[in-house]
Amino acid sequence: NYKNKKVELLSNNKKERKKFSLKLFKENIKVGSIKTRPNMYSSELLAYKGFDGLLIEGTGLGQAPITKFDNKSKENEKIFIALKKLSENTTIAMCSQTIYGRIQMNVYKEGRLLQDIGVVGNYTDMTPETAYIKLAWLLSNYAKKDVDRMYEKNLRGEISERSENIFL
């Protein structure tokens with residue numbers, strides 16, 4: 001209540017509350033984050049070699065500049081090669097740069113290519129901050145194969161109901 005400067009519990013129904021046990025991040029976990037943009041360089045991605053995870057803040061529906069279409073876009077091809085190399089040992093996840101953006105990586109060729117090399121995050125709409133913490137937490141507590149599967153699942157309300165299984 002604002003006027004009384006008191007916090008009031010709206011519901012005392014214990015069934016509504018979910019049990020939650022906090023598992024901390026493992027020691028020395030290395031997770032990076034990079035925002036895609038024009039004039040990006042593959043060398044920026046190579047700085048994440050040896051990291052456990054990398055979060056890509058993609059444009060649009062979960063895109064990154066990975067397609068060479070003329071002489072001025074040659075670097076895009078190098079970006080794709082760098083991501084492919086990183087994905088061999090690093091979990092790479094996609095999120096949107098926009099507040100209410102939903103990832104749909106099947107629409108454009110670039111999104112499908114990213115999925116082909118193992119980038120996860122299709123059908124999600126997490127904020128970059130939430131996606132980063134989720135990726136770090138998953139990498140701290142689960143095997144890589146489970147992280148890839150669980151990143152796209154709504155575990156604690158981090159993915160809105162409107163995005164869950166919308167295209168499945």
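In this predicted model, I34 stands opposite I56, a residue of strand β2. Strand β2 covers residues 53–58. Five bridges join this strand to β1, and the two run parallel.

The pairing belongs to an open sheet of three strands. Their order is β1-β2-β3, and the pairing is parallel. Strand β1 spans residues 31–35, and β3 spans residues 91–96. Both stand at the edges of the sheet. Each has a single partner strand, so one side of each lacks a neighbour in the sheet. From one strand to the next, the twist averages 20°. In general, strands of a sheet pair through backbone hydrogen bonds, either parallel or antiparallel.

Helix α4 is formed by residues 128–141. Helix α4 lies across β1, β2 and β3. Relative to β2, helix α4 runs at about 160°.

The chain holds five helices and three strands. Along the sequence, these elements follow the pattern β-α-β-α-β-α-α-α.

Contacts and surface were then computed for the chain. Contacts between residues at least 6 apart in sequence were considered, and 65% of them join residues at least 24 apart. The chain has 168 residues, of which 40% are buried. The accessible surface comes to about 11,000 Å². Carbon and sulfur atoms account for 53% of that surface.

Conventions: Residues are numbered from 1 along each chain as its sequence is written. This is a predicted model: local features need pLDDT of at least 70, side-chain atom pairs count only at pLDDT 80 or more; totals for chains, interfaces and linings use all residues. Side-chain values use heavy atoms; hydrogens and water are left out. Helices (H or I, at least four residues) and strands (E, at least two) are DSSP runs, numbered from the N terminus. Buried means under 20% relative accessible area, exposed over 50%, partly exposed in between (1.4 Å probe, protein chains only). Contact means heavy atoms within 4.5 Å. Accessible areas come from the Shrake-Rupley method with a 1.4 Å probe; for residues, only the protein chains shown count as cover. Two strands pair if DSSP finds at least two bridges between them. Axes are lines fitted to C-alpha atoms, for helices over the stretch in contact, and angles run from 0 to 180 degrees between N-to-C directions.
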